[in-house]
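Subject: Structure handover

Hello,

The structure we discussed is below. My notes on it follow; please read them alongside the coordinates.

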Amino acid sequence: MADSIRLELVSPEGVLASEDADAVDLPVAEGDMTAMSGHAALIATLNPGIIRTQRSDGIDEYVVTGGFVEVNATSTSILAQQAYRRSELTSEMLKTHIEKAEDELSRSAGSQRDLAETRLACLRNLTSQLGL
Amino acid sequence: MPSLKDLKIRIESVKSTRKITKAMQMVAAAKLRRAQEAAEGARPYAERMAAVMANLAVSLQDSESGPRMLKGTGRDSTYLLIAATAERGLCGGFNSSIARMVRDRARELVAAGKTVKIMTIGSKGREQLRREFEDRFVGHVDMTDQRQIDSAIAGKIAQQIQTMFTKDEFDVAIIFFNRFQSVITQVPTARQLIPVTVDAIGKSETASQFYNFEPGESEILEELLPQAVANQIFTALLENAASEQGARMSAMDNATRNAGDMIDNLTIVYNRSRQAAITKELIEIISGAEAL
């Protein structure tokens, strides 16, 4: 059994999770990845998506609307823009996020526009992924 | 000498004032607890954010370019002062300490030949600054409908400020707010928002780590900086909200105590003059009887 890593999931409102996990699935902007013990130090941006932590006694799922992740050999800290426990996210909440992203897209230009487009696509994707 | 009736009315009026201040104090105490929890809840995020920023800043130290929000416009001729105050009064020196700080800084900058623009959050600060600086107002955020401060409102303010920055409307942005130290002490604080300053303490702590960046450092910075600014505003607003309730609580506590003292004094005066009236009547009766 591999060593566990320390997971910290914080959003501006507070700490959502602070626990040991065997592996953490992350929706990194460049593609999904899994952080495990001994991972090379990395700072990356997150797309809206699901964070899945795997522990010996089960799986926890969280939904983030973007943010950053800092991974190193022993810990993973996620700085979420906004984060929810999967069970707590309702379709109305997701809908307001999608509306906000649409609004952002309509106002942005240039490289910002690509980012906004990706965000919106990811958020829309979440709706079906979560079955909401 | 006021009549007995006047005194009685006066005592009743102070008593009802005391009831109001007492109630306000208790409401503030309840709100304070919530505000304090929110301010504390936001702390881990701000700390992590500072750590990530420090890491990025270390790896960007040598590069000349780097985003404008970090490096600044290269000038410091136009200042944006953001005054964060409350929507309500009756909280001691809370609003005026911020207004005074902004006013002092604005005068100082104007004297140094800089252009000053002022943005207000909360109407109390706006009222106090209007007389001197109305022509320098560039924006106002109304918080009356905001029952609880969330990151969304901070994000909106941040967006507004960033739009102004991209349009070159200012070079340096500073936010003024009350930092919550304890219920009785709130420290008026000025914090520079743009260009983003990196905490030197976090730097030495984490600089030993060597990080990979995905996508690139500049792309991450581009996304991180606006969020860092939003977060700074968010924490400032939270601290301010906690400070407001703390200030109101102690102000109302004082008011309640003062009202109590006043009631005591008035009651003594009332009793004395009532007694004097009785004595006077007695003397009149006795001397009347003796004269017969």
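A residue is called buried under 20% relative accessible area, exposed over 50%, and partly exposed in between, with a 1.4 Å probe and protein chains only. At 19% relative accessibility, B:Ile149 therefore counts as buried.

Conventions first. This is a predicted model, in which local features need pLDDT of at least 70 and side-chain atom pairs count only at pLDDT 80 or more, while totals for chains, interfaces and linings use all residues. Residues are numbered from 1 along each chain as its sequence is written, chains are lettered from A and ligands numbered from 1 in the order in which they are written, and side-chain values use heavy atoms, with hydrogens and water left out.

B:Ile149 sits in the loop between strand 3 (137-141) and helix 6 (151-166) of chain B. Helices (H or I, at least four residues) and strands (E, at least two) are DSSP runs, numbered from the N terminus. Setting aside neighbours within four places in sequence, B:Ile149 is in contact (heavy atoms within 4.5 Å) with B:Met143, B:Phe234, B:Leu237, B:Leu238 and B:Ala241. B:Leu238 is 89 residues away from B:Ile149 along the chain, with 6.8 Å between the C-alpha atoms of the two.

Interface between chains A and B

On the chain A side 29 residues are in contact with chain B, and on the chain B side 25 residues are in contact with chain A. The two chains bury about 2,400 Å² between them, 59% of it on carbon and sulfur atoms; buried area is the accessible area (1.4 Å probe) that two parts lose on being put together, summed over both. In chain A, the residues that lose the most area to chain B are A:Ile43, A:Phe68 and A:Leu79, which together make up 26% of what that side buries.

There are 0 salt bridges between chain A and chain B, a salt bridge being a side-chain nitrogen of Lys or Arg within 4 Å of a carboxyl oxygen of Asp or Glu. Polar contacts between the chains come to 3 residue pairs, with both residues at pLDDT 80 or more. A polar contact is a pair of N or O atoms within 3.5 Å; within protein, one must be able to donate a hydrogen and the other to accept it, and residues adjacent in sequence count only if both atoms are side-chain atoms.

Elements of chain A that give two or more residues to the side touching chain B include strand 5 (42-46), strand 8 (67-71), strand 9 (75-80) and helix 2 (111-130). Two strands pair if DSSP finds at least two bridges between them. A:Leu42 stands opposite B:Asn212 in that strand of chain B.

Strand 9 of chain A

Strand 9 of chain A is mostly covered, with 6 of its 6 residues buried. In a regular strand the side chains alternate between the two faces of the sheet. Here A:Ser75, A:Ser77 and A:Leu79 are buried on one side, and A:Thr76, A:Ile78 and A:Ala80 are buried on the other.

Strand 9 of chain A runs parallel to strand 1 of chain A, joined by 5 bridges, and antiparallel to strand 8 of chain A, also joined by 5 bridges. A:Ser77 is the bridge partner of A:Glu8 and of A:Glu70. Strands 8 and 9 of chain A are joined by a hairpin through 3 residues.

Salt bridges

The structure holds 19 salt bridges over all chains.

- A:Glu61 and A:Arg52 meet through their side chains at 2.6 Å, N to O. A:Glu61 is partly exposed at 22% relative accessible area, and A:Arg52 is partly exposed at 28%.
- B:Glu239 and B:Arg43 have their closest N and O atoms 3.7 Å apart. This pair links distant parts of the chain, from helix 8 (residues 217-291) to helix 2 (residues 43-60) of chain B, 196 residues apart. B:Glu239 is buried at 12% relative accessible area, whereas B:Arg43 is partly exposed at 39%.
- B:Arg248 and B:Glu244 have their closest N and O atoms 3.2 Å apart. Both lie in helix 8 of chain B, 4 residues or about one turn of the helix apart, and both are buried.
- A:Glu19, A:Arg55, A:Asp57 and A:Asp60 are joined into one network by salt bridges that share partners.

Regards
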